[in-house]
Amino acid sequence: MNRILLSLCALMLSASAANAQYLTSPYQVSKHNMVTAKAGNIKLHKLVAPAQVSVAKKNLAPQKLNANQKTVGVSGSETMAGGVGLPGAGSKVKGIYSAMYASYLSKFKGAKIVGARYLINGSLGSSAQVELYNMNGESPVLYTSKAASSQKVSTLKSDQSGFDQQWNEVIFDKALDINDVTTGVVVGYTYTQKTTKKNGEFTEECYPIAVGQGTDGLLAYGNLGKDATKEGWFQVSSEYVACIQLIVEQEGGFPDDLAIVQLATNPMFKPNDALPFQFYVNNSGSKECSNAAFDILVDNNSVAELTLPSDAAIGDAYVKLSASIDLSELSLDNGAHVLGVKVKSVNGKAPSGDTSDDVAAAQFRVYTENTSRQYNLLEQFTSTSCVYCPWGYETLRALTKSRDDVAWVAIHGLQDKNNPDPYTISDADAILGYSTNGFPSANFNRFNLGGNMIATNIATEKNEQLAEQLSGVLDMEDEIAPSVVNLQMETNLTVGDKPNLNDATLNITIKGTGVKDASKILEGATLGLYVTENGVKSKQYSPNGWIGTYNHENVLRVIGTENPWGDVITWNGDNFEMTYEVTIPKKQYNYNENKNTLNAVAFVSLPFVINVDGKNYFNGDLNNVWVNQCQFLELPKGQATAIKGVETSENATVVARYAADGSEVSAPVKGINILKLSDGTTRKVVVK
């Protein structure tokens, strides 16, 4: 297991469309005029996956900076990944911006913002201006601006490995003292959005904004809402940022000061595995740092030292460093452990300046035995008024068609208050808010695939291609975080004779049987329980307008646990048993054994809500909320039991294999294969 989970974000780029509908920006640019953006014709153009971008450090250096100046930008703004345009909006869009919280500038108290540098993918027009807003106060205020003096275009390299980055730089008429920035700033530029077409497609010049991969978001200003007479701020992407940076200046320059971010490793390891890890580090000093050392810690004990390679240097742009540790030398017990990286020395001296960001930590868990994954939890985020949600549905239908181990739960949210979704439930608000800021998207076992939300955009017309990639993601998740507990459900469903008049009652007992030390490995884990319904039909918005009757599959009807985010598991040794009586409210289901089906989905996951001293807090570590096991059962009336996958991968072997028609085969055959295992259980698998 030598793959880092964060690398999966590159896998998603090739097929995932960027025109999902995004909700209002988490950065409150203006409380009184922040409205929801329409997807319209927002489009990312010729994106390059990060793994394919060849970054030449020398090309990233500022072109005209004095010795007492440096650049500051949000993560991702230093490396161009593609071009963006809003040609469907035309003249309605006035400008494109990135928001920068005050924390980005906290290292530079006493310095001044004197200018900006930026990349472009096409001409911005002769009237373009670079603008800086100081965000202090109730609404954004234009602090200073200056017409863009040059417009050098960055072009794609001939081998398509990246862009030849040509920085444009301007100096503002008046400097902004960073001491006066208490909330943050917004920096960007006005431009002329072109709408020319050729053969029915928007041309290259319609995508002039250079963007990098980053999670601070891309903002647009203009009259892009439903009320065309009102201008406002809109978030058009939460996955990309504008390639624009501030030029800050300080008398005497800036001393070396390293900062570590995004330390990552795999979630689970065996005691004798090699533990790979990676992290990013940058330098807020005026010059590049070529001599640095880092302490590697496990459970706060120093276990190794990592030194900067002789041919490397740390400057403004984040540099990725990676290594691995031999766990066999550490004799770690089963359970949760903490990996840490800390700046040890800078140019041969102890670190100074702001040391609060000199250390980063990541959690991993040690195990010795595991079980097979019974189902994969797929939480879809959708809305009946979401224009691109049918694309998301098609992607998930293609995924579930290719494999029979997906427990699909459709969680509906509010997209348009003028067209309320009839399938929203208040208990799901916490799950929606924690997971996503846009539709259509989905969680895949709640693994963070890269970004500031755990949900992944699933809007694409290439649904078969994306479904194939997502299937690979599920397999990789099982590889890097194998299940250590099996789930069994025993149910008794009582359905009212008239669902519109009578509640239904589900009595359910969920039993967890864990491997050795499962309770330690999954310390703090929660049990989740969803009740969903198939066969639900109503209207759905789409790129072609409203669809009168649309099949809404796996609609979440009820969250069965006491806490919507899951109940903390009480272990009895390495096992547990939890019982619930769940009321399925009348008028919220239309049960019919021939047309409508109720389903139960139970799952064990690391918590995304943590209780500290009696108060609930959202877990800020998106890399540690993943689902370890999931079980699914189609609910008949009366009693039923779900026991799929009770075998353990350590001792159960395949003793017979059958094709879908029941004939015994000696080797895997294309299609559904039925496996008989040595412990007497059977399992269906799909062979491609």
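Predicted model: local features only at pLDDT ≥ 70, side-chain atom pairs only at ≥ 80, totals over all residues.
Student: Which residue forms a salt bridge with Asp257?

Tutor: A salt bridge is a side-chain nitrogen of Lys or Arg within 4 Å of a carboxyl oxygen of Asp or Glu. For Asp257 the partner is Lys107, and their closest N and O atoms are 3.1 Å apart. This pair links distant parts of the chain, 150 residues apart: Asp257 sits in the loop between β19 (244–249) and β20 (258–265), while Lys107 sits in the loop between α3 (102–105) and β6 (112–118). Those labels are DSSP runs numbered from the N terminus, with helices (H or I) of at least four residues and strands (E) of at least two.

Student: How many salt bridges does a search of the whole structure find?

Tutor: The search finds 12. One of them pairs Arg446 with Glu379, and here the closest N and O atoms are 2.8 Å apart. That pair also links distant parts of the chain, 67 residues apart, with Arg446 in the loop between β31 (441–444) and β32 (456–457) and Glu379 in strand β28 (residues 376–382). Arg446 and Glu379 are both buried. Another pair is Asp405 and Arg403, with 2.8 Å between the closest N and O atoms. Asp405 is buried at 12% relative accessibility, and Arg403 is buried with a relative accessible area of 12%. Salt bridges can also share partners, and in that way Lys107, Asp257 and Asp357 are joined into one network.

Student: Now the sheets. What is the strand order in the open sheet of four strands?

Tutor: Two strands pair if DSSP finds at least two bridges between them. In this sheet the order is β40-β34-β33-β45, and the pairing is antiparallel. At the edges stand β40 (575–584) and β45 (638–642); each has a single partner strand, so one side of each is left without a neighbour in the sheet. On average, neighbouring strands here are turned by 15° against each other, direction ignored. For such angles, axes are lines fitted to C-alpha atoms, for helices over the stretch in contact, and angles run from 0 to 180 degrees between N-to-C directions. You can find Thr494 opposite Thr505 in β34.

Student: Which strands form the open sheet of three?

Tutor: That one has the order β20-β22-β25, again with antiparallel pairing. Its edge strands are β20 and β25 (319–326), each pairing on one side only. Neighbouring strands are turned by 25° against each other on average, direction ignored. Eight bridges pair β22 (residues 274–283) with β25, and Val281 has Val319 as its bridge partner in β25.

Student: Where is the disulfide, and which residues does it join?

Tutor: A disulfide is a pair of cysteine sulfur atoms within 2.5 Å, and by this rule the count comes to one. It joins Cys386 to Cys389, S to S 2.4 Å. The torsion about their S-S bond is about 95°, so the disulfide is right-handed. Cys386 is buried at 0% relative accessibility, and Cys389 is buried with a relative accessible area of 0%.

Student: Which residues make the nonpolar surface patch of about 250 Å²?

Tutor: Ile610, Val612 and Tyr617 make that patch. Patches take residues with over 30% relative accessible area and no salt bridge, joining like charges within 9 Å and nonpolar side chains (Val, Leu, Ile, Met, Phe, Trp, Tyr) within 5 Å. Areas come from the Shrake-Rupley method with a 1.4 Å probe, and for residues only the protein chains shown count as cover. Tyr617 is found in strand β43 (residues 615–618) and is partly exposed, with a relative accessible area of 43%.

Terms used: Residues numbered from 1 in each chain as written. Heavy atoms only, no water. Buried < 20%, exposed > 50% of the residue type's maximum accessible area, 1.4 Å probe, protein only.
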